[in-house]
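Me: Could you take one part of this model and go through it closely for me? After that, I'd like the rest of the tour in one go, with the cut-offs spelled out as you use them.

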Amino acid sequence: MQKISKFTQKYLLSPLAISFWLPVIFMTGYFASRGMAPFGTSTILTVDLGQQYIDQFAAFKAAFLNHPSSFLYSFSNALGGDMLGEWAYYLMSPFNIIFLFVSDLQLPSAILWVTVFKFGAAGLSMAYLIHRLKLQEGHYISLFAISYPLSGWFIANDLNLLWLDTAILLPLLILALEGLLGGKKGWPYSILLALTIISNYYIAFMVVIFIILYALWRFPQLAYKTIKIPLIFIGQSVLGAAMSAWLILPAYFQLQQGKIGHNSAWSLAFENNPLHLLTKLIPGSFDFEQMQNGQANIFISAFVLVALGAFVTNRTISYVSKLTALLLLAILILATCWAPLTLAFHGGQYPVWYPYRFSFLISFFLIFLAAWGFRPNWQPRLLTCSILFAIVTAITLYALSQLKQLSFLTNKNILIFWLLSSICLLVITAPMPHYLRLGLLGFITCISLTTNISTTLNNFSYINLSDYQTTITALKADKNKIHNDRSWYRVGQTYQRTRGDSMMEDFYGGGHFSSLMPNKMVQFYQAMGQPEGDNFVNYSNGTVLTDNILGFKYYFSPSPQINKTEGSPQSRKTGYRADFTQYQRYAQTSTTTIFKNPHALPIAFAANQQVLQTDINSALPIQNQAHLWQALTGRKDQLVSKDDFDFAQADNVNLPTTITNSQLEKQDSSQPGSLTLTFTPKTNDPYYLTLGGNLKIENFDLLINDQVITQFSSYRNTVIVNLADHAAGQEQKLTIRLRNAASLTLSNVALYHLNQAAINQDVAQLKQNPLTITQRTENQISGHITTTASKPVIMTSIPAAPGWQVKIDGKKVTTSQVGNFLLAIKTKPGYHQVQFSYIPPYLYWGLIITLIGCIILGSQIIISQSSPRLQE
């Protein structure tokens, strides 16, 4: 019994244990009450967690269990892309190991447990900091510590799992920094700084800024008044950065290929009303609008807010410490509204959604100061109590005055804020036994935090478990049908759960959603008429030409006769391909049909040298495809022809004299309106329509022969839509039906058809000289090929990213780019051994720097055993 008692005391009832378990219990309780898997039929998946991160977590599992080389590169990343940078941002959390033990179908449940354990870890690390610095004693440690993981930033960003590890490490980093500044060993700080940067370099960038400000705040308070301390701080910080160089240097290079190229314009403007920040102290001060473009999330418990008064009035803390702390806090708060500081904290770019991502630093510092200043026997004077009550009341009245302007505020939550803060003041002021005061303050804190949890997270909508599993099951069934094909190929989809399905199910697809999307990938998709954005590409609008060039050998497509239920392939349609009549029906599942493209080209093949001079015009996607194809074979005649519509009929809209770039206006805005265009194909060739980026998909429906063509949800540049195939002599009726708009600009609406017979003839020629693969991993392909006098170029569908190296017959050669994107190599005609290999740029330099840093750190540890404390 004594052993059990000691176990309970240490692991269940101690301040550190409670600081871990309470956040876990509170978060698990909320998720269970919402019926989230494994507790019900809902999931924790929402927004980016459900549309982006979960696919990355599946890729994490695939890398460990199937192909470790995908740590460096993966062809599941759009058409192929660097992965070390992706790991640096998305996947370096040790908590991800949990994902290795569950199936893809159970990933939502695993994500829930990872989430709650991360919340618990943040509470534990904060408690450890408070305990070791002796800011509090006993269970008052837990009272402050749990306010950190359950603060506004953590709750609002519970879906951004990849950011939480850095926030977990922050208290430990501060503790190590305090040791360094106090003249103790510096190497623990370096190690923790390296781990912080490795955990997520983006949030770590914000932490580094805070660490610098924190050190500047603490320098004047040091017992060791010597220049050595700042110099040691700088040196150990550089050492910590050096030990993370193996990951950060390659990641920084990848950022230069995309995200860094979108820097925001600097100004001296204020972005929002700073007074609105006061309303974020109200529990539940968050909603979907705030997620997109709101104020910083700085909510802390009512107790911590009141306890800040103790920091201000504590006479054992010097005025210099208080004033400089307020200055540091002012800088952090100013960064939530003043553009220069906002951009500085976010690396020169305004965030896309989830604004003010550094605001956990504000909550952390407020909790830190409150814990430092508060004493269990603190009984503020009447004047102090009056001032604190006036501040709480003023915040309450201001929040009430903003009810109509700020959608996240409610009368109920404002009243809860005022009541809890006032009761907290009363408990602190009134004489009572120590245990009773602690119990009441604990109860108030729990009510405050749980109110914020429920009212904040209730503003999210979550993916249903059956919807998720239905789509994943369909994808698995499709993949199993082609599993025996060991050749190299890509897979297209006309249905999808997310743009990252290929990462989820570990096949080579054509879509991806990532903050590290290279600009050249986006530009190529634009040039080929595919949906794209700054952080995603989606291969949903392919043609027979792009399918062939890029090696899309198989297609997963919903079976039309299957009922459209939630999560089914029919409900997830993203494309329409009448030209599948050119392909073979390869296999069938209960909900899908798999098509096989017999004309898909291999990953590398011999091509005409004209391909090296291919011109690309981003505004003419179907012409770009034709020019690229013609250059592969040296064909002179045209593959693409522009067609006219035979007849136009208007219904409640004006009848334009020309179609392209004309303006449709409803005659009666309250009634439906549409324009119907007819054409009769003269051949059995595939027919395609282009739609300009100004023709917003949310404003119209596109129908062919009265059947709605379901497209990907958005596009910003011209895309290509397949309309008909094998329809010679059959009249086709194309309808553009206005949905929500009273007018519509028909930007770049034009009809084309391809010469399929010529394409088939060219395919036979190009397939005569393929690359025969003898060995391959994710980042290396070896094989042999025979080039000819008419086809001396080895053409590939590999993105020509920095990091690819090619050896021909054992010798490194210079590569070329086709269309400013695809990798190609000019050779002498004949038989060649070829090796493609990818190493992330700056990886070797990063490894060298890290090795040097580790050697220095090891030397420090050895030396510190004999002189563990810095002497003046």
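**Starting with the strands**

Reply: Five strands make up an open sheet, in the order E12-E14-E19-E16-E17, and their pairing is antiparallel. Strands here are DSSP runs of E with at least two residues, helices are runs of H or I with at least four, and both are numbered from the N terminus. Two strands count as paired if DSSP finds at least two bridges between them. Strands of a sheet pair through backbone hydrogen bonds, either parallel or antiparallel.

Bear in mind that this is a predicted model: local features need pLDDT of at least 70, side-chain atom pairs count only at pLDDT 80 or more, and totals for chains, interfaces and linings use all residues. Residues are numbered from 1 along each chain as its sequence is written, and side-chain values use heavy atoms, with hydrogens and water left out.

To put residues on it, look at Asp701, which stands opposite Arg737 in E19.

Strand E22 covers residues 772–776 and strand E23 covers residues 780–787, and the two are antiparallel over four bridges. Thr772 has His784 in E23 as its bridge partner.

His784 also gives us a handle on the other end of the numbering. Tyr73 is 711 residues away from His784 along the chain, yet their C-alpha atoms are separated by 22 Å. Tyr73 sits in strand E1 (residues 73–74). Buried or exposed, what is Tyr73? Tyr73 is buried, because its relative accessible area is 1% (buried means under 20%, exposed over 50%, and partly exposed in between, using a 1.4 Å probe and protein chains only).

Two asparagines in strand-to-strand loops are worth a look too. Asn748 is in the loop between strand E20 (743–745) and strand E21 (750–754), and has a positive phi of about 55° although it is not a glycine. With a relative accessible area of 21%, Asn748 is partly exposed. Asn820 is in the loop between strand E27 (816–818) and strand E28 (822–826). Its phi is also positive, about 60°, and again this is not a glycine. Asn820 has a relative accessible area of 44%, so it counts as partly exposed.

Now for the helices. Helix H3 (residues 47–65) has 19 residues and reaches 27 Å from its first C-alpha to its last, close to the 27 Å expected at 1.5 Å a residue (the expected span is 1.5 Å times one less than the number of residues). H3 has a kink of about 40° centred on Tyr53; the bend at a residue is the angle between axes fitted to the seven residues ending there and the seven starting there. Most of H3 is covered, with 15 of its 19 residues buried. In the loop between helix H2 (15–33) and H3 you'll find Pro38, which is joined to Ala37 by a cis peptide bond with omega about 15°.

As for cover, 14 of the 14 residues in H17 are buried.

In the loop between helix H13 (288–293) and helix H14 (302–313) sits Gly294, which is buried because its relative accessible area is 9%. From Gly294 to Ser401 it is 107 residues in sequence and 18 Å in space, C-alpha to C-alpha.

Searching the whole structure turns up eight cavities of 30 Å³ or more. A cavity is a set of points on a 1 Å grid over the protein atoms alone where a 1.4 Å probe fits but cannot get out, and lining residues have an atom within 4 Å of a point. Grid points are joined across faces, edges and corners, and a volume is the space filled by probe spheres set on the points. The largest cavity holds about 100 Å³. Its lining has 16 residues, and Gln493, Gln496, Gly510, Gly511 and Tyr539 lie nearest the centre. Strand E3 (490–493) and helix H22 (501–505) are the elements that give two or more residues to this lining, with E3 giving the most, three residues.

Key: On a 1 Å grid over the protein atoms alone, a cavity is a set of points where a 1.4 Å probe fits but cannot get out, and a pocket is an open set with protein on both sides within 12 Å along at least five of seven lines; lining residues have an atom within 4 Å of a point.
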